[in-house]
Amino acid sequence: MKKFLNYLMYAGLFLVALNFTSCQEEFEEVSMGGQEEPITASSSTAQLITQTVSNDGSFDNIVDGASCFDIRFPYTVEVNGLEITINSKEDLRLIEEIFDAIDDDEDILEILFPITITLADFSEVVINGPEDLRELAEACIEGGGDDDIECIDFVYPITLFTFNVNEERTGEVTVESDKELRRFLAGLEDDDLVSIDFPVTLVLFDGTTEVVNSNAELANAIERAKDICDEDDDDDFNDDDFTKERLDNLLVECPWLVREVKRDNQDQTDQFFEYLMNFKEDGEVVVKDREGNNLIGEWSTRVTDDGALVTLSFDVLTAFNLEWMIYDIGEGRIKLFNGDGNRIILRQFCEMDPNNGPDTLREILRECSWIIKRVKFEGEEIRRLLGFEFNFEADGVVTLSDEELTSTGQWEIAQNNDGILVLAITFGEEPGVSFEWPLRDLDDTRLRFEVEGFELVLLRECDDSVNDGDVPEIRNVLMGGDWVVALYEDEGVDETDNYGGYSFAFSPENTVTVSEGTDPFLTGLWRILRDSDEGLKVFLNFGDEPLFGELTDDWDFVSISANRIELKDVSGDGSISTLVLER
């Protein structure tokens with residue numbers, strides 16, 4: 001069956017190639033000009049080009065487990081019993097979030113057939129069942145050892161010429177994409193001659209470019225780039241695959257705060273919360289407890305076909321003594337597990353650069369507005385403050401606003417006894433943020449303050465995010481007219497009918513007005529922001545209003561068009577809510 005499919009596939013590609021040349025009725029004698037001497041379609045250089053322009057199917061390995069093909073959008077999968085439609089690469093993150101929501105469950109993904117897959121040469125095949133898909137997947141080479149070269153790409157357009165055995169030009173084609181170039185090459189016979197119109201520009205995985213002027217330079221550039229990046233040919237969407245060297249470097253890069261410990265099905269988080277683990281290059285690990293005592297142990301790592309593992313051994317901290325599988329590596333986070341009932345979650349805690357003292361944090365806070373992504377006070381999440389805006393002023397005054405009402409308080413930056421920067425906020429009118437918040441994470445767009453039972457996550461907002469092209473574009477779409485709820489599924493329960501007859505109008509002042517017919521009756525808050533950890537977010541806040549308060553959340557942006565927006569949210573237990581707005 002495979003041979004028959006391959007025959008059909010390459011026959012079709014050959015016909016495509018004939019279309020490029022059949023219109024030319026006679027050979028054309030030309031000088032080589034800017035072209036290099038022709039090469040045969042079977043030459044090593046042509047093979048390198050073919051490998052570089054092959055379709056990379058590794059981005060959806062979390063679904064199909066195969067790097068040599070991908071599944072054409074849209075398609076539907078069932079993840080841990082939840083049915084979701086995959087419309088784009090961004091939707092694959094929802095699968096990872098469902099898998100990660102509960103650490104010790106069994107993750108099950110089922111594809112709803114039939115599906116269409118795209119092969120390395122961009123041809124498509126319809127797959128009607130899991131057995132056919134499994135057979136094709138088993139033929140793939142995984143782990144970065146497959147033929148495709150992913151660390152370097154061509155910059156288009158590129159012009160190619162074909163020649164006969166007398167080196168007389170027989171055809172010319174300009175290609176605009178990997179797909180066009182791959183299909184053109186596939187249509188050539190092994191002894192056909194082809195030439196490239198140089199110079200050609202190549203772009204490396206890190207964004208740098210290289211210009212080549214000959215076949216030899218082109219081949220050398222591709223050869224040098226073949227193995228210089230991680231091709232990410234694993235089954236996990238957020239890159240949990242690690243070499244031993246990479247894992248070791250990550251562990252020793254910064255200390256790690258203990259966020260959760262579960263041993264033999266017993267939750268021991270309270271005992272070890274905020275312990276600080278410092279992995280040393282010599283295999284020693286030093287754990288500082290909350291009283292400042294140092295507890296010494298040993299650590300080692302190894303990487304197997306099943307994944308990366310880290311072994312911990314202590315005389316005192318016996319709850320940590322196991323060989324732990326690396327279950328998940330995210331932004332500044334590692335999850336470890338060992339069978340049912342054993343789990344450790346660590347959060348990276350890099351000490352502040354000496355230049356990033358109190359004055360630096362003060363300046364960062366004063367630069368722009370800061371939007372509340374999440375606030376947890378005494379263990380309770382305060383959803384009514386979602387999307388509220390902080391403005392930290394130079395004289396120690398801070399304002400908190402929902403675009404209609406503004407509260408005023410005081411703020412200061414200091415260092416606690418452990419040398420950790422602390423943001424102290426005092427609001428008489430809003431006790432939900434009045435606290436001394438210890439800084440845990442800081443990057444260009446995000447601040448996270450946390451101590452047990454208290455968490456504050458802020459996203460930076462500068463000039464309405466004009467430098468982030470996606471944000472203004474989505475804002476303009478939302479403000480372009482009235483919207484209605486076309487679908488609202490709350491953790492699988494369809495509640496769309498509850499919102500019939502209502503419409504939404506989004507204003508430039510970040511307020512959203514809900515109307516019944518022509519009568520406005522409710523005003524809420526809305527924002528579009530980019531979270532450096534989680535991507536684009538659509539914030540909606542309708543306060544404690546009984547019906548529309550259910551929509552208060554920071555929604556993941558899934559897709560958008562002039563007349564339709566789809567949003568999703570994955571809750572802590574892995575369940576999904578979906579909100580679709582149409583106009």
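This is a predicted model: local features need pLDDT of at least 70, side-chain atom pairs count only at pLDDT 80 or more; totals for chains, interfaces and linings use all residues.
Visitor: OK. What is the order of strands in the sheet with β3?
Guide: The order is β4-β3-β5, in an open sheet of three strands with antiparallel pairing. β4 (82–86) and β5 (109–111) are the edge strands; each has a single partner strand, so one side of each has no neighbour in the sheet.

Visitor: How far are neighbouring strands of that sheet turned against each other?
Guide: By 30° on average, with direction ignored.

Visitor: And how many bridges link β3 and β4?
Guide: Five bridges, in the antiparallel sense, with strand β3 covering residues 75–79. Within this pair, E78 stands opposite E83 in β4.

Visitor: What about the sheet with β6, what order does that one have?
Guide: Its order is β2-β6-β7, and this too is an open sheet of three strands with antiparallel pairing.

Visitor: How do β2 and β6 pair, parallel or antiparallel?
Guide: Antiparallel, over three bridges, with strand β6 running over residues 115–119. D70 stands opposite T118 in β6.

Visitor: Switching topic. How many disulfides does a search of the whole structure find?
Guide: Two disulfides. A disulfide is a covalent bond between the sulfur atoms of two cysteines. One of the two joins C68 to C140, with 1.8 Å from S to S.

Visitor: Where in the chain are C68 and C140?
Guide: C68 is in the loop between α3 (61–64) and β2, while C140 is in the loop between α5 (130–138) and β8 (152–154). They are 72 residues apart, so the pair links distant parts of the chain.

Visitor: Now helices. At what angle do α2 and α7 cross?
Guide: At roughly 50°, and the axes of helix α2 (residues 44–52) and helix α7 (residues 215–225) come within 10 Å. That angle makes α2 oblique to α7. The crossing of α2 past α7 is left-handed.

Visitor: Which residues of α2 and α7 meet?
Guide: From α2 they are T45, L48, I49 and T52, and from α7 they are N215, L218, A219, I222 and E223.

Visitor: How many of the residues in that contact are nonpolar, polar and charged?
Guide: The contact of α2 with α7 has five nonpolar residues, three polar ones and one charged one.

Key
Residues are numbered from 1 along each chain as its sequence is written. Side-chain values use heavy atoms; hydrogens and water are left out. Axes are lines fitted to C-alpha atoms, for helices over the stretch in contact, and angles run from 0 to 180 degrees between N-to-C directions. Helices (H or I, at least four residues) and strands (E, at least two) are DSSP runs, numbered from the N terminus. Angles under 35 degrees count as roughly parallel, over 145 as roughly antiparallel, 65 to 115 as roughly perpendicular and the rest as oblique. A crossing is left-handed if the near helix is turned anticlockwise from the far one by less than a right angle, and right-handed if clockwise. Contact means heavy atoms within 4.5 Å. Ala, Val, Leu, Ile, Met, Phe, Trp, Tyr, Cys and Pro count as nonpolar, Asp, Glu, Lys and Arg as charged, and the others, Gly among them, as polar. Two strands pair if DSSP finds at least two bridges between them. A disulfide is a pair of cysteine sulfur atoms within 2.5 Å.
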